[in-house]
Amino acid sequence: MKLTTLLSGIALVAAMGFMTVAQAQISTPAASPLATFKQVVGLTTVEVNYSRPSMNSRTIFGDVVPYGTTWRTGANGATTISFSDDVKLEGKEVKAGTYALYTIPGKDSWTVMLYSDLRLGGNVGGYDAANEVVRFTVTPQALPYSVESFLIILDELRAESASLYLIWEKTIVPIKLEVSADTRVMAQIERVMAGPTAGDYYAAASYYLSTERELAKALEWVNKSIEMGNDRYWVHTQKARILGKMGKKAEAIAASKKAQAMAQESGDAAYVKINQDLQAEWSK
């Protein structure tokens, strides 16, 4: 929490120190408990720190949180959000770092701002546009039920995107988050493939399959992985998927049957079923 009072004088410091020690003997529940969560999106770590006020039978938006005014987006100090890599929010570029998250709620639209000076905290009256990193507008959506305590979540996780949601009362505010996983993965593949292990070949082949690029290269790599000793049923399953994606159904079915037999021998019923389903799909 931001320190808002500049302490001066030895007597005052001593008194405050005594009070802190005395007060620390009893812990009571916070009215707006602190919440922290981390979520990896693609290869980017997102961390959010905020306090969670509750409705307590109040009307929130338009009353407790007035429309058209800057809100700390939570309680107590300002909500902060951190990105381990450069990202985009609603198409706006944001550098890696930690920012305060402020919003201006409205009935039909919300303005969202990231702020670089974390010392401002909840003192929104001192908001200085010079410290604003990005600003954009999003459209709130109505919920068919009430959410008692303010909630921020990341959902709809994909390799290069997710949705950040601000949720309270009967309002949900979606914010589109984009990350750049592909560029980093491709750079790693190029670097590692200069002297790869069997696991590297498998990982590279799997990524090429998932992104549907250069399937012939993916097949070459998965075969190389098997040749180097990675003779596992899940590797043969990936080989079958690559062949199937290439349209080589007969070869895909043969590879899948081998993977199924190996999985059966290892007692992995899930992979047996996966391969049975793949074979059925390619036999149509």
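Gly 106 sits in the loop between β6 (97–104) and β7 (110–115), where helices (H or I, at least four residues) and strands (E, at least two) are DSSP runs numbered from the N terminus. The model is a predicted one, in which local features need pLDDT of at least 70 and side-chain atom pairs count only at pLDDT 80 or more, while totals for chains, interfaces and linings use all residues. Residues are numbered from 1 along each chain as its sequence is written, and side-chain values use heavy atoms, with hydrogens and water left out.

With a relative accessibility of 14%, Gly 106 counts as buried; the cut-offs are under 20% relative accessible area for buried, over 50% for exposed, and partly exposed in between (1.4 Å probe, protein chains only). Apart from its neighbours within four places in sequence, Gly 106 is in contact with Tyr 67 and Pro 140, contact meaning heavy atoms within 4.5 Å. Thr 139 lies 33 residues from Gly 106 along the chain, and the C-alpha atoms of Gly 106 and Thr 139 are separated by 9.1 Å.

Lys 95 is exposed, its relative accessible area being 56%. In sequence, Lys 95 and Val 133 are 38 residues apart, and in space they are 9.1 Å apart, C-alpha to C-alpha.

Side chains of opposite charge can pair when their charged atoms come close. Here a salt bridge is a side-chain nitrogen of Lys or Arg within 4 Å of a carboxyl oxygen of Asp or Glu, and a search of the whole structure finds nine of them. In one, Lys 95 is joined to Asp 86, with the closest N and O atoms 3.7 Å apart. Asp 86 is partly exposed, at a relative accessible area of 42%.

Another salt bridge brings together the side chains of Arg 184 and Asp 85 at 2.8 Å, N to O. This pair links distant parts of the chain, 99 residues apart: Arg 184 belongs to helix α2 (residues 181–192), and Asp 85 to the loop between β3 (79–83) and β4 (87–89). Arg 184 is partly exposed, with 34% relative accessible area.

A further salt bridge falls within one helix. Lys 217 pairs with Glu 220, the closest N and O atoms being 3.6 Å apart. Both residues lie in helix α4 (residues 215–227), three residues apart, which is about one turn of the helix. Lys 217 is partly exposed at 28% relative accessibility, and Glu 220 is also partly exposed, with a relative accessible area of 45%.

Helix α5 (residues 233–245) packs with helix α6 (residues 249–266) at an angle of about 160°, their axes 8 Å apart. Axes are lines fitted to C-alpha atoms, for helices over the stretch in contact, and angles run from 0 to 180 degrees between N-to-C directions. The two helices α5 and α6 are therefore roughly antiparallel, given that angles under 35 degrees count as roughly parallel, over 145 as roughly antiparallel, 65 to 115 as roughly perpendicular and the rest as oblique. The crossing of α5 and α6 is left-handed, which is the case if the near helix is turned anticlockwise from the far one by less than a right angle, and right-handed if clockwise. Among the residues making this contact are Tyr 233, His 236 and Leu 243 of α5, together with Glu 251, Lys 258 and Met 262 of α6. By class, the contact of α5 with α6 holds eight nonpolar, five polar and two charged residues; Ala, Val, Leu, Ile, Met, Phe, Trp, Tyr, Cys and Pro count as nonpolar, Asp, Glu, Lys and Arg as charged, and the others, Gly among them, as polar.

Helix α6 also meets helix α7 (residues 269–282), with axes that come within 9 Å and cross at roughly 160°. Thus α6 and α7 are roughly antiparallel to each other, and their crossing is left-handed. The residues that meet include Ile 253, Gln 260 and Gln 264 in α6 and Val 272, Gln 276 and Gln 279 in α7. This contact of α6 with α7 has eight nonpolar, six polar and two charged residues.

The axes of α5 and α7 come within 11 Å and cross at roughly 15°. That makes α5 roughly parallel to α7, again with a left-handed crossing.
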